[in-house]
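Me: I am new to this structure and would like to know what its labels rest on. Please set each value against its definition.

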Amino acid sequence: MGIVSPGFRRRRHDADVQLPPGQYLTEDFPVLSAGPTPNISLDRWEFTIASETGQEYRWTWDELLELPAEEPTVDIHCVTKWSKLATTWRGVSLDLLMEDVDTTADYALAHCYGGYTTNLPLEDLLDGRAWVVYEFDGSELAPQHGGPARLLVPHLYFWKSAKWVRGLQLMEFDEPGFWEGVGYHNYGDPWREQRYAGD
Amino acid sequence: MTDDYQDGNALAGPLAELFAVDVTAATGRCVSCGDTRRVADLRVYGHAQGWVARCPSCEHVILRLVRAPDAAWLDLQGTTSLRVPLPPV
């Protein structure tokens, strides 16, 4: 038996944590919103993936909950410079939702209740890197944090993890979303500090 | 939060950097519902990574303003025009 028991875990201190450039650590969960929080009835909620040929794939709220769930624990990084570590979520992998979708598209535009949009390369939504999540920290996702469901794409700045998500539009050509069209970086990699267009 | 916004006077400071006139006194027409309002009367959501001003009648986005360290982006797609009051010439 080794000196360190298998159950021992070193506590993460600020000094031990490597953050993306320009970020600071927070224990809070700040709320950023570009508009009013939409009231979304679960009876009418749906998530749609629309392919570039116009074919649509839909899930109701109950159908989403019936799908096998994953519980990712991830660090999140907001472009306003806060980072929050080891956040826990529950939701459905985009790999699963995309499994039967027939597409050759390279890009996706996420659409949300309330009108928000954000664009991503489709490959960034696959390979275990993106989810539609409906729980945060063991509780249902609060409306101010994007509930009933939001996109979670933690390897990009958090504005890409669209709150109140209602669908993905798959596209052959890229199209800027709500913030990308007014100065924010098209891709938004926090480790390359891609905050603004031209960074 | 649902009602977590300020009125359009919150744009006086950030817009003063771009415009020589006080744009909050200007009036614009919403492209969505046609309502004509002073910029000062818009609903401004500033708890974001930029300022987003919405029409009080229909919540359509009238104006977006993003400030980077070395540049600013202003989007006025949501208004058909701005009428800016000026001193008589």
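Reply: What follows is a set of questions on the terms used for this structure, each with its answer.

Me: How are the parts named, and what kind of model is this?

Reply: Residues are numbered from 1 along each chain as its sequence is written, and chains are lettered from A and ligands numbered from 1 in the order in which they are written. This is a predicted model, in which local features need pLDDT of at least 70, side-chain atom pairs count only at pLDDT 80 or more, and totals for chains, interfaces and linings use all residues.

Me: How do you know which part of chain A has pLDDT under 50?

Reply: pLDDT is the predictor's confidence in each residue, from 0 to 100. Chain A averages 93, and 92% of its residues score at least 70. Residues 1–12 of chain A stay under 50, with two contacts beyond four places in sequence. Where pLDDT is low, the predicted coordinates should not be read in detail.

Me: Why does Leu152(A) count as buried?

Reply: A residue is buried if 20 or more other C-beta atoms lie within 10 Å of its own, exposed if 12 or fewer, and partly exposed in between; C-beta atoms are placed from the backbone. Leu152(A) has 26 C-beta neighbours inside 10 Å, so it counts as buried.

Me: What does Leu152(A) touch, not counting residues up to four places away in sequence?

Reply: Contact means that the C-beta atoms of two residues, placed from the backbone, lie within 7 Å. By that rule Leu152(A) touches Pro72(A), Trp89(A), Gly91(A), Ala130(A), Trp131(A), Val133(A) and Ser161(A). Leu152(A) lies in strand β10 (residues 150–152) of chain A. Strands (E, at least two residues) and helices (H or I, at least four) are DSSP runs, numbered from the N terminus.

Me: What makes β5(A) and β8(A) a pair?

Reply: Two strands pair if DSSP finds at least two bridges between them. β5(A) and strand β8 (residues 131–136) of chain A have five bridges, in the antiparallel sense. Gly91(A) stands opposite Val133(A) in β8(A).

Me: In which sense do strand β1 of chain A and strand β5 of chain A pair, parallel or antiparallel?

Reply: Strand β1 (residues 24–25) of chain A and strand β5 (residues 82–93) of chain A are joined by two bridges in the parallel sense. Tyr24(A) stands opposite Trp82(A) in β5(A). Strand β4 (residues 73–77) of chain A, in turn, runs antiparallel to β5(A) over four bridges. Those two, β4(A) and β5(A), form a hairpin with four residues between them, and Lys81(A) in the turn has a positive phi of about 95°.

Me: Why do β1 and β7 of chain B stand at the edges?

Reply: Five strands of chain B form an open antiparallel sheet in the order β1-β4-β5-β6-β7. β1 (6–7) and β7 (71–75) of chain B each have a single partner strand, so one side of each is left without a neighbour in the sheet.

Me: How do you know whether the radius of gyration of chain B agrees with a compact globule?

Reply: The radius of gyration is taken over C-alpha atoms, and the globule rule is 2.2 Å times the number of residues to the power 0.38. For 89 residues the rule gives a value near 12 Å; chain B has 13 Å, which agrees.
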